[in-house]
Amino acid sequence: MISDLSPQTRRDLLTMIGRAGGGLAMYQAMTALGHAAETQFSGPPALSGARAGASVLVLGAGLAGMLAAYELTKAGYKVQVLEYQDRPGGRNYSVRGGDKIVEVGGATQNVAYQPGNYLNPGPWRIPHHHRTLLHYCKAFGVELEPFIQLNHNAMVHRKDAFGGKPQRYKELAVDFTGHVSELLGKSLNAGALDSTVSKEDKEKLIAALREWGALDGDLKFTSNLNVSSRRGYDRAPGGGVNGAPTPSKINGLSDVLSSHVWTQMSFYFNYVMQTTMFQPKGGMDMIGKGFYKQIAKLVRLNTKVTSIKQDDKGVAATWTDTVTGKTGVATADYMVCTLPATILAQLDIQVSDAKKAAIKAIPYSGQVKIGLEMKSRFWEEKYSIYGGHSFTDQAIGLISYPNYDFFKDKPAVLLGAFANGAGGYMLAGMTPEKRIEAALAQGSVFHPEEYRREFMNGASVAWSRMPWILGCCGMWTEESRATHYQNLVSMDGRIVLAGEHASYYGCWMEGALLSSLDAITRLHQRALAA
Amino acid sequence: MKKLILSMALIGASSVAEAQAPARPAAAASAGDAAFGARMLGEASGEQIFTRVCAACHMQDAKGAEGAGRYPPLAGNQKLAIGAYPAMVVVKGLNGMPPIGTMLTDQQVADVVNYVRSHFGNKFKGAVKAEDVKAMR
Ligand SMILES: Cc1cc2nc3c(=O)[nH]c(=O)nc-3n(C[C@H](O)[C@H](O)[C@H](O)COP(=O)(O)OP(=O)(O)OC[C@H]3O[C@@H](n4cnc5c(N)ncnc54)[C@H](O)[C@@H]3O)c2cc1C
């Protein structure tokens, strides 16, 4: 630790290391200095001095494409962006009343949400360490508010646990921790671990288990007021004559195990799932709109790229206007291509065979989200659930409660499904009407009396049916990374790819941005060296 | 079942980012398993597998669809003439199409392939067997 350096000198030092050893050296140095381990973002790129008249064609106006356009324009390049959809933002998307959702195959939904309500069908939560995204949100005036991630009072449901009755997360989590602590305490006391645990550690462990597991004096996990102070009471503490609380009854070990609550507990341990998390006020697409404001005049919407070519003089993309049918060719010196791999794999594109193989090596997942508008916030009023998720092993995966407009007496949109895997395919294959019916039927396990009664209308986004991506996110395996990742991200003549799929932060906006920053930094170096 | 877990572990190795969409197979290693929804298909006939899985992309009438990219039709598609081809695609995936076969048993892969090759106007000869699929894994 070099703690006696002033911030200014420290930064100079880092810049020096960066110049001498490149980004990785700088990153490693920053880590050693104790202030960068959580992100590879080291501030916006300081690109400057583009050759006069040098131009870049950017394909796709998602976050990766718009960030490239923004920073390259700042560096002095002439930039044009081509985007297939009639809106910018790509997967950074929110659905509101009046919107139309059109799927491949033609199924069309007219969204009927009340003004102010929305569904974030794609990205919905931002980790506190996604520094790149947070940086640009601040820079572009995108207001963020908390995203309630871990709600101890939300529920967990499994068809074959507790007779199919959902349980509160806090009760299961406390019971799981308690039972495990008791068992470990027993084995310690029986000497079963004496060969692996020293005497001092054994004492500490026993003290820890007592505290961590809320065990009693005999190292037993039982129903008592101490345990209730974690999992909740039978009668909660009050005032006056009947103020004294009564304890709740713990669940037996087998029941707790049947709930698989450890999957939720460990889910919340994930680095990318830890609190604090954020969401933009008013809908996730506020971020895309923030970017778009900076570069709107560079973007041609409703423009479907149909082929990509390059030679030693420049790049060219042929396109078709999806509204007028007009066709054209856009040319430039260089290209940043952020089209999803699903689309690129089917496009006539002039790059090396290795890059083509890499593009074809990334299958896409197929999530489905469903937003149900409810007449009232019964989950708050009746169940004391304010934001967070209730999980289920049914196809819908979970329901999630809105993180804005708490306590308001007006309709609210509840996330009625975030389905993946088999559940995602199953819902995607249904008509939009059937999806809503399935979401109501399955979500009713959590709020049986209110769910259908309060339901007003719903909308769904099945990612495999979205015409401009045909999927949700790229899926890598260790093997495909080893074989193809470097080939995917390498600069190929005058073309560089960017986007979520070209990062190790796949399926996060942060990955799209970091990939874009890396791509344009290399493009700029290449252009200056040419 | 064993195969399923195996393949999930395989994809589960991929990265931190898989945690994003917790119920996808890749999440198994880090972000939990079936607690986030139905991952496996479970018991299902060839027709049910088509309806619950393939139709998500190839559409219920198997005619495919087109946007910025396309889902090829399975109806009237001459590439299905040799059963090994669709079986291989289901087991290994193809470009944007994930290796769906990881969610299915050998018999289920055979069943859905045979179903597709004999419906939607398709009348291709010969049937794919579970052994054939096993050899492709
Ligand atoms: C269900 C879901 C949940 C997610 N949750 C989160 C989350 O909670 N937090 C988070 O940070 N991230 C999340 N993500 C990931 C995040 O949305 C992406 O990583 C990010 O938005 C990708 O940006 P991109 O610029 O790489 O791609 P995109 O936004 O997809 O941009 C690509 C653009 O290319 C355009 N295009 C396609 N074909 C053509 C063509 N032929 N011609 C011209 N243009 C074309 C598309 O219309 C699109 O605008 C989630 C994604 C999904 C699907």
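## Cysteines and the disulfide

A disulfide is taken here as a pair of cysteine sulfur atoms within 2.5 Å. In this predicted model, that rule gives a count of 1 disulfide over all chains. Cys473(A) and Cys507(A) form it, with their sulfur atoms 2.1 Å apart. The link is right-handed, with 65° about the S-S bond. It joins distant parts of the chain, as the two cysteines are 34 residues apart. Cys473(A) sits in the loop between β24 (455-462) and α16 (478-489) of chain A, and Cys507(A) in the loop between β25 (495-497) and α17 (509-529) of chain A. Both Cys473(A) and Cys507(A) are buried.

Cys337(A) is in no disulfide; the nearest cysteine sulfur, that of Cys473(A), is 17 Å away. Cys337(A) is buried, with a relative accessible area of 0%. In chain B, the sulfur of Cys57(B) has its closest cysteine sulfur in Cys54(B), at 8.9 Å, which is too far for a bond. Cys57(B) is also buried, with a relative accessible area of 15%.

## The largest cavity

There are 4 cavities of 30 Å³ or more. The largest has a volume of about 680 Å³. It is lined by 44 residues, and those closest to its centre are Gly90(A), Arg91(A), Asn92(A), Trp468(A) and Ile469(A). The helices α2 (63-75) and α17 and the strand β15 (303-310), in chain A, each supply at least two residues of this lining.

By class, the lining of the largest cavity has 25 nonpolar, 13 polar and 6 charged residues. Residues come from both domain 2 (44-88 + 286-359 + 477-529) and domain 3 (95-123 + 365-465) of chain A, so the largest cavity lies between these domains.

## The second largest cavity

The second largest cavity has a volume of about 180 Å³. Its lining has 14 residues, and Asn120(A), Trp124(A), Pro402(A), Val413(A) and Leu415(A) lie nearest its centre. In chain A, β6 (118-119), β22 (398-401) and β23 (412-419) each supply at least two lining residues. The largest share, 3 residues, comes from β23(A). The lining of the second largest cavity holds 10 nonpolar and 4 polar residues, and no charged residues.

## A three-stranded sheet

Chain A contains an open sheet of 3 strands in the order β7-β13-β8, with antiparallel pairing. The edge strands are β7 (126-127) and β8 (144-147), each of which pairs on one side only. β8(A) pairs with β13 (residues 277-280) of chain A in the antiparallel sense, over 4 bridges. Leu144(A) stands opposite Pro280(A) in β13(A).

Technical notes. Residues are numbered from 1 along each chain as its sequence is written. Chains are lettered from A and ligands numbered from 1 in the order in which they are written. This is a predicted model: local features need pLDDT of at least 70, side-chain atom pairs count only at pLDDT 80 or more; totals for chains, interfaces and linings use all residues. Side-chain values use heavy atoms; hydrogens and water are left out. Two strands pair if DSSP finds at least two bridges between them. Buried means under 20% relative accessible area, exposed over 50%, partly exposed in between (1.4 Å probe, protein chains only). On a 1 Å grid over the protein atoms alone, a cavity is a set of points where a 1.4 Å probe fits but cannot get out, and a pocket is an open set with protein on both sides within 12 Å along at least five of seven lines; lining residues have an atom within 4 Å of a point. Grid points are joined across faces, edges and corners, and a volume is the space filled by probe spheres set on the points. Ala, Val, Leu, Ile, Met, Phe, Trp, Tyr, Cys and Pro count as nonpolar, Asp, Glu, Lys and Arg as charged, and the others, Gly among them, as polar. Domain bounds come from an automatic or database domain assignment.
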